[in-house]
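The sequence and the model come first.

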Amino acid sequence: MVTSMGGKHLITLQEWTNEEIDTCLDTAYDLKLKFARKIPHASLRDETVFMMFFDESTRTRNSTEAGATQLGAHAHFLDASKMQIQHGDSAKDTAMILSSYGHAIVCRHCGWGVGNAYIREMAKYSRVPVLNLQCDLYHPMQGLADLMTIQEHFDRTKTQGLKVSIIWCYATAHKKPISVPVTQALLFPRYGMEVTLAYPEGYELPDWVIAQAEENARKNGGTIRITHNIREAFEGADVVIPKNWGSWYADSKKVPTDEKRAGNTTLTQEELERLAKNKSWKCTQELMDLTSENSIYMHALPADRVNEVEDSVIDGPHSIIYQEAENRLHTVKAVMDLTMGGRR
Ligand code: CP
């Protein structure tokens, strides 16, 4: 257990040690029990959290805002499109000023090619912790909640050798960042899991992600393999995470977009055509029946219930999506408690 996480930023879980992640999960379990028992736990009384959102959110915004209240802090919701960022305030100036008013800056910026850089720039200048609520590359808060949910289901000490499949699925709602599969592919091998990454051609994760995931697996006894066969990913899996993500390589060829605008998530004609070829990549009941007896279906949400997954799966006995979503509350509270209120 680590007792000095006060003042830490959370941009990616890759920058936190396993010991720090475990301390965070220990804290999340403790806070979850307190929440269940209505035991007050206002460790951040009178503190202020600035919540900057460049993109839409249901779970992340509300778990963070409710969590801050439950910890005794106040969270300001800041819609980035209504801030002076629109008239030229830089990430540096925004971070310098907000950090002089309060105790943490949390930010969601999923703009492809710019979100992570923006949050890192704020962290460079902030006097208080900067917490990434999802960017174009990473979603550490989702990763923590997912790990907690898996550990709750299978027992915390038994993740070694667990077969976890991260599976691309067809969806047309909007162009989703690669941040969830990237975070999971990097994190799960650190807990000894046997990770399968399944996707059709054109939806590769960046090479550096795979190289890092392989390194994480090598150091921690996990594995990572890639397949382009969806059935193979479901066969014998203990955990399936079928979810859409946008095409990183197609987008990375474009010039990075202006940091001022919200995430460019509208699908282009080229992207729609690439998607159309892969409509068969859907989580069906028939595929779910190939998984292990005690398997779980996970999804960070929002799900495209028409295209990504059949209702019988997402509403079925293996689905654990609401527990996964609830754990967003307990884990973000743990992160705020340790980084804002923890010892340095
Ligand atoms: N999973 C997740 O981040 O959900 P929101 O986009 O609703 O915050």
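An open sheet of five strands has the order S7-S6-S5-S8-S9, and its pairing is parallel. Strands (E, at least two residues) and helices (H or I, at least four residues) are DSSP runs numbered from the N terminus, and two strands pair if DSSP finds at least two bridges between them. At the edges stand strand S7 (223-227) and strand S9 (296-297), each pairing on one side only. The model is predicted: local features need pLDDT of at least 70, side-chain atom pairs count only at pLDDT 80 or more, and totals for chains, interfaces and linings use all residues. Residues are numbered from 1 along each chain as its sequence is written, and side-chain values use heavy atoms, with hydrogens and water left out.

Within this sheet, strand S5 (residues 163-168) runs parallel to strand S6 (residues 194-198), joined by five bridges. Ile166 stands opposite Leu197 in S6. Helix H7 (residues 207-220) packs on the sheet and touches S6 and S7; its direction makes about 145° with that of S7. Contact means heavy atoms within 4.5 Å. Axes are lines fitted to C-alpha atoms, for helices over the stretch in contact, and angles run from 0 to 180 degrees between N-to-C directions.

A second open sheet, of four strands, has the order S2-S1-S3-S4 with parallel pairing. Strand S2 (74-79) and strand S4 (130-135) each have a single partner strand, so one side of each is left without a neighbour in the sheet. The twist averages 15° from one strand to the next. Six bridges join strand S1 (residues 48-53) to S2, and Val49 has Ala75 in S2 as its bridge partner. Helix H2 (residues 59-70) lies across S1, S2, strand S3 (104-109) and S4, at about 170° to S1. Helix H3 (residues 91-101) lies across S1, S2 and S3, at about 150° to S1.

Helix H5 (residues 140-154) packs against helix H13 (residues 321-341) at an angle of about 115°, with the axes 8 Å apart. Among the residues that meet are Gln142 in H5 and Arg328 in H13.

Gln142 and Arg328 are also among the residues around the ligand, including Ser57, Arg108 and Leu301 (a heavy atom within 4 Å). The table lists polar contacts, which are pairs of N or O atoms within 3.5 Å.

| Residue and atom | Ligand atom | Distance |
|---|---|---|
| Thr58, polar backbone atom | oxygen | 2.7 Å |
| His139, polar side-chain atom | oxygen | 2.8 Å |
| Arg328, side-chain N or O atom | oxygen | 3.2 Å |

How values were computed
Polar contact = N/O pair within 3.5 Å; in protein donor to acceptor, adjacent residues only side chain to side chain.
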